[in-house]
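Here's a quick briefing to read alongside the model. Have the sequence and the 3D view open as you go.

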Amino acid sequence: MSCLVEVEHLHFRYPEGRAALGDLTFHLTHGERVGLIGPNGAGKTTLLLLLAGLLPEFSGSARVAGHDLQTRAGRQQVHRQLGIVFQHAEDQILHATVLDDVAFGPLNLGLPEAEVRRRVNAALASVGLDDTARDRVPFHLSAGEQRRVAIAGVVAMAPQVLLLDEPTSDLDPRGRRELVRILEGLPITRIISSHNLEFVLETCDRVLLLDEGRLVADGPVRRVLANEPLMLRHGLEVPACLSAEERHKATLAGPLPLPVPHVHPHPH
Amino acid sequence: MQAEVERFARRASPLQAWDARGKVVSLAVLTLVLASLDGLPAATLGAVGALGLLVCGRLPLRFLARRLVAAQAFLLPCLLVLPLTFTAEPLWIGRLRLSGEGLRVAALFYLRALALVAVAMALVYSTPMLNLLRALQELRLPRIVVALALLTHRYLSTLAGEFSRMRWALATRGFSPRPRPAAWRPLANVVGVALVRSLERTERLQHATRSRGFTGQIHALQRFPGGPANWLKSAACLGAAAGLWLLDRGPGT
């Protein structure tokens, strides 16, 4: 199956010189559900911003749905194929009604009004917001509802890849369950960055473990999360819901192989 | 704050139903005429008319009164100071010397400013910001200016939110914002920290708008209503502006 996201030998430094990502290589194919985990400062959010075309200066290669993020044109067009939901949903809301806010992205794509309305209706339905929510002021909604509006705003753009940065950070357990249900209903390739490892376990099949900007593990979610020495070494804990037997098996299985880059070296 | 400005902007009223493009142009002309009035009769009529516009907006009286009272904090000092600082036509009230010309200028200034505040409130509180900005865009205001206005509108609410959270943080730790030298340093810190935090949040907001394809062009699902009723409203407003100007500057004055 063709790659939807191709990242090879990616390095990124912030303008002040701090290295955020180092020699990152991984690929995602259509339909994959990937969790991005790691301690604070591991580079998870930076990686998501970079994949969304928001950070221009990096070395290595990154392509999303055929868009080369090294080029200005690629970064400007990537939002047509990739949507990102930020950690603080309120920061993502721009307009004074839910309807206007969800329609913002599709209108920017230059779609006809009828299509925009169809997409807005479908997106609101997919996140469980009914017709009465359209004229509500998003800033007056609960954190969980704001999160749904933010997801609807991105889903309405019909992306092939969905990035979610700490989607459970301001949600109560009910909101978290709702989010799991919403994500189950969205058949989109996705990368979810989260400290909530139970949530990652529920919503992802594969996991990438980052630490200090480097990829230290890439494999099936249960196998990585159950590997106690690996998790402890990188400042994480094995989710309590994983059985002792799973932990034991994962630990015995040893370290996970990292993907081997198979494409030409980049010019940088 | 963002929600507060638009709280009643969708409330059904003749003012709200007025096509935003015609409303912007007509009220801009009215504003220019109001600002140029020189005579008290025309300024009084202008102020009454502008307050009448607010009534047409069917905005809650309490909501309007609070904002008009806040505006007095800027208007009243001039009303009090001008009669004391002018020298022409002295009027003595006991040992206090006032100026007849100063009183006239103060009244004129007050009425004109009140009218301008009322017109601005009528425009802003009866028009959803998105419609207002789209109207400006259609009236050929540069795209960058309109985009800046949209983001400023959004950023102001971010800034207000940060200040409010910082104020709570101070209050919960026993800080009292009474005016005393010991309070200056923490208050300066609050302003600094709130600005830095707002900068971070506005950066996230900028990322969010860019990732949803925003390039500066504002689009919306709602169409401008147009039609004869809107032309009539604009014509009435422009007619009123012309009438005021004639009353103030026309033949016989």
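Start with chain B: the centres of its domain 1 and domain 2, taken over C-alpha atoms, are 30 Å apart. Domain 1 of chain B covers 8–128 + 226–249 and domain 2 covers 138–211, with bounds that come from an automatic or database domain assignment. Keep in mind that this is a predicted model: local features need pLDDT of at least 70, side-chain atom pairs count only at pLDDT 80 or more, and totals for chains, interfaces and linings use all residues. Residues are numbered from 1 along each chain as its sequence is written, while chains are lettered from A and ligands numbered from 1 in the order in which they are written.

**Chain A overall**

- Chain A has eleven helices and ten strands, counted as DSSP runs (helices H or I, at least four residues; strands E, at least two) and numbered from the N terminus.
- The C-alpha trace of chain A spans about 55 × 45 × 40 Å along its principal axes.
- Of the 268 residues in chain A, 49% are buried (20 or more other C-beta atoms within 10 Å of the residue's own, with C-beta atoms placed from the backbone).

**Where chain A meets chain B**

- Chain A puts 28 residues into the contact and chain B puts in 21; two residues are in contact if their C-beta atoms, placed from the backbone, lie within 7 Å.
- On the chain A side, helix H3 (89–92), helix H4 (98–108) and helix H5 (113–126) each supply at least two residues.
- H4(A) gives the largest share of that side, seven residues.

Conventions. Buried ≥ 20, exposed ≤ 12 C-beta atoms within 10 Å, placed from the backbone.
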